[in-house]
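Please look through the structure shown here, with its sequence beside it.

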Amino acid sequence: MSAIVAIVGRPNVGKSTFFNRLIQRREAIVDAISGVTRDRHYGKSDWNGKEFSLIDTGGYVVGSDDIFEKEIDKQVELAIDEADAIIFMVDVESGVTGMDEDVAKLLRRIDKPVFLTVNKVDNAKRAADAVEFYALGLGEYYTLSSINGSGTGELLDDLVKVLPEKEMETDDLPRFAVVGRPNAGKSSFINALIGEERYIVTDIAGTTRDSIDTKYNRFGFEFNLVDTAGIRRKAKVKEDLEFYSVMRSVRAIEHCDVCLLLFDATRGFDGQVENIFWLAQRNNKGIVILVNKWDLVGDKETHTMKQYTQKIKQAMEPFTDVPILFISVLTKQRIFKAIETAVEVYKNRSKRIPTRKLNDVMLPIIQNTPPPAYKGKYVKIKFITQLPTPFPQFAFFCNLPQYVRDPYKRFLENKLREHFVFTGVPMSIFMRKK
Ligand code: GDP
Ligand code: GDP
């Protein structure tokens, strides 16, 4: 799990420009959470080999000054709660403003590292103008130009030095993360699993606990639970609760082998649940879908479950080989089955198919249905091997790898799933030159 850096500051100082510059070099894994709240963004970056997550706490509603002030308070609070370090951005063009002073006042009180950063310093003349920001009482400042990138290196050199090393767990137990929207029933699920109430309320500024990892030995299985739900933070606004919750899910997903994605049956597999699903898929994590509160769904004829399943699968296209369980935490219906299924998915994810067997099964299939000729050329697949990665990846060696199109790769994936069972696990297929 990487450390978290938040960018705060009033509107128009260049926060998003800077954010985009930093995450540009990498895939922004979390387009998934933009749209959750107004326009906060979360992405990943790295400097000098050290990886960190970046939050642009941006999001403003346009309105009167006192709305702005409240927004700034919230933004800074969020940063203080979630981040290991804070970049406080100001704008040399406009100089020190009242709003900058308000933010500075909040930041002077906390004991997290704050990097006062004067943006839009595009030239030497502007560098001289930056001295007025000493008045904010935050000590030394950094100058940079988000537009041309100058000064970025100096800031990042110092920034990554103060970031804590976040260690990965070292034991080999399966790591299950319980994720989903607020009120899906995550805490209730975990409490039902461990048979006790456990809440940790953190409303103290400066405490950053995203998830608790606990080792369990239940129902004859030993596993680590990455529990995002046990932590309750006092969010004043519903939207913030959602943001906290999704942020925490994002990090729990990065940190697990299998996600138990819970949602409320009465609310459905909506866009936000879908976002979490794709996030897990893109991170190559095992997935189990738990349709919770099934006790509240009135008509439970078999066809209802079937219809419900069909609707979810539509949203998951083309990755539909995922277990979907209908559970009720309240009545403890299929709680054990949920864990059992997660263990199966874990095993599927770490499954290794011996090369001999893989070729014995797949080569005849390929011979019967070869890749379609492309530009008059015939593709000949000669040999298949599973790569030694933590999740299933397969290399198909052939004469003309570039001529194998996606539909045929999907065909191969489906055949692999049919014969070897990779339920709940995303897989990758590569064509390699032989
Ligand atoms: P945010 O509201 O703080 O996220 O600010 P934006 O990133 O949207 O930037 C506000 C405006 O400042 C935009 O017009 C940017 O093009 C401009 N801007 C951002 N960084 C720089 C910079 O380094 N130099 C100059 N001259 N303009 C910048
Ligand atoms: P979280 O925010 O995802 O941790 O959700 P909670 O565990 O706090 O649950 C939200 C609400 O849903 C609580 O009032 C729970 O009692 C209720 N709840 C959870 N699971 C079930 C269920 O299976 N059936 C019903 N009827 N209510 C449930």
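The paragraphs below move from the backbone of some loops to a sheet.

This is a predicted model, in which local features need pLDDT of at least 70 and side-chain atom pairs count only at pLDDT 80 or more, while totals for chains, interfaces and linings use all residues. Residues are numbered from 1 along each chain as its sequence is written, and chains are lettered from A and ligands numbered from 1 in the order in which they are written.

Helices (H or I, at least four residues) and strands (E, at least two) are DSSP runs, numbered from the N terminus. In the loop between helix 9 (302-316) and strand 14 (324-326) lies proline 318, which is joined to glutamate 317 by a cis peptide bond with omega about -5°.

Asparagine 48, in the loop between strand 2 (41-47) and strand 3 (50-56), has a positive phi near 50° although it is a residue other than glycine. A residue is buried if 20 or more other C-beta atoms, placed from the backbone, lie within 10 Å of its own, exposed if 12 or fewer, and partly exposed in between; asparagine 48 counts as exposed because it has 10 C-beta neighbours inside 10 Å.

Turning to the sheet, two strands pair if DSSP finds at least two bridges between them. An open sheet of 3 strands has the order 15-16-17 with mixed pairing. Strand 15 (381-386) and strand 17 (428-433) stand at its edges with a single partner strand each, so one side of each has no neighbour in the sheet. Strand 16 (residues 393-398) runs parallel to strand 17 and is joined to it by 6 bridges, and phenylalanine 396 stands opposite methionine 431 in strand 17.
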